[in-house]
Amino acid sequence: MEARARNVVLVVEDNSIDSLMIERTFCKAAADSECHWVSSAEEAMRYLEGAGHYADRENFPLPRIVVTDLRLPGSSGLELLAWIQKRPELKDLPVLVLTGTGNRELERAYQMGAYFYLLKPLATETLVEVLSSFQTA
């Protein structure tokens, strides 16, 4: 597997306002964070596989962390988690789940490999604290 860049984050979020909030929070948590945004689980899979234009790892490096919403168009965030866990080269990739659907998928998300499960809307300080833990790991 190719080496992951220090602070590359793949944000999987179909809501552009939520995506912008996540990106700004990462900049606050670590000034050298580089966020890449996709709006579906399928596009995230292509990114992580290095398929199509994502094959250019100079411009689309493997992330250090994935931040995903659960409710996405097409495949869900849970389906993305399952897909990641089936790939030996990605199964240790930390996935942070953000959702506005409550705790009903909490146990399932953790069983499928989620590192954190946070509810929207969330305080920026909470997200900064969680994200900062990945910067020092």
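Axes here are lines fitted to C-alpha atoms, for helices over the stretch in contact, and angles run from 0 to 180 degrees between N-to-C directions. The model in every view is predicted.

**View 1. Helix 2 beside helix 3.** The axes of the two helices, helix 2 and helix 3, come within 9 Å. They cross at roughly 20°. Angles under 35 degrees count as roughly parallel, and helix 2 and helix 3 are therefore roughly parallel to each other. The crossing of helix 2 and helix 3 is right-handed. Helix 2 contributes Ala41, Ala44, Met45, Leu48 and Glu49 to the contact. Helix 3 contributes Glu79, Leu80, Trp83 and Ile84. By class, this contact of helix 2 with helix 3 has seven nonpolar and two charged residues, and no polar ones.

View 2. Helix 3 covers residues 77–85. Its buried residues are Gly77, Leu78, Leu80, Leu81, Trp83 and Ile84. An α-helix has 3.6 residues a turn, so residues three or four places apart point the same way. Ser76 sits at the start of helix 3. One of its side-chain oxygens reaches to within 3.2 Å of the backbone nitrogen of Leu78.

**View 3. Val66 in strand 3.** Val66 is found in strand 3. Its relative accessibility is 0%, so Val66 counts as buried. Val66 and Val11 are 55 residues apart in sequence. In space, the C-alpha atoms of Val66 and Val11 are 6.0 Å apart. Leaving aside neighbours within four places in sequence, Val66 is in contact with Leu10 and Val12, with Leu48, and with Leu93, Pro94, Val95 and Leu96.

View 4. Glu13 lies in the loop between strand 1 and helix 1. This charged residue has 1% relative accessibility; Glu13 therefore counts as buried, the cut-off being under 20%. A polar atom of the Glu13 side chain lies 2.9 Å from the backbone nitrogen of Asn15. Not counting residues up to four places away in sequence, Glu13 touches Asp18, Ser19, Trp37, Val38, Ser39, Asp69, Leu72 and Lys120.

**View 5. Ser19 and Trp37.** Ser19 lies in helix 1 (residues 16–29). At 2% relative accessibility, Ser19 counts as buried. The side chains of Ser19 and Trp37 make a polar contact (3.0 Å). Beyond four places in sequence, Ser19 touches Val11, Glu13 and Trp37. Glu13 also touches Trp37.

**View 6. Leu118 in strand 5.** Strand 5 spans residues 116–119 and holds Leu118. With a relative accessible area of 14%, Leu118 is buried. Leu118 and Leu96 are 22 residues apart in sequence. Their C-alpha atoms are 7.8 Å apart in space. Leu96 is also one of the residues in contact with Val66.

**View 7. The whole chain.** Five helices and five strands make up the secondary structure of the chain. From the N terminus on, the elements run β-α-β-α-β-α-β-α-β-α. The chain has 137 residues, and 49% of them are buried. Take the contacts between residues at least 6 apart in sequence: 67% of these join residues at least 24 apart.

Technical notes:
Residues numbered from 1 in each chain as written. Predicted model: local features only at pLDDT ≥ 70, side-chain atom pairs only at ≥ 80, totals over all residues. Heavy atoms only, no water. Buried < 20%, exposed > 50% of the residue type's maximum accessible area, 1.4 Å probe, protein only. Helix = DSSP H or I, 4+ residues; strand = E, 2+ residues; numbered from the N terminus. Polar contact = N/O pair within 3.5 Å; in protein donor to acceptor, adjacent residues only side chain to side chain. Contact = heavy atoms within 4.5 Å. Parallel < 35°, antiparallel > 145°, perpendicular 65-115°, else oblique. Left-handed = near helix turned anticlockwise from the far one by under 90°.
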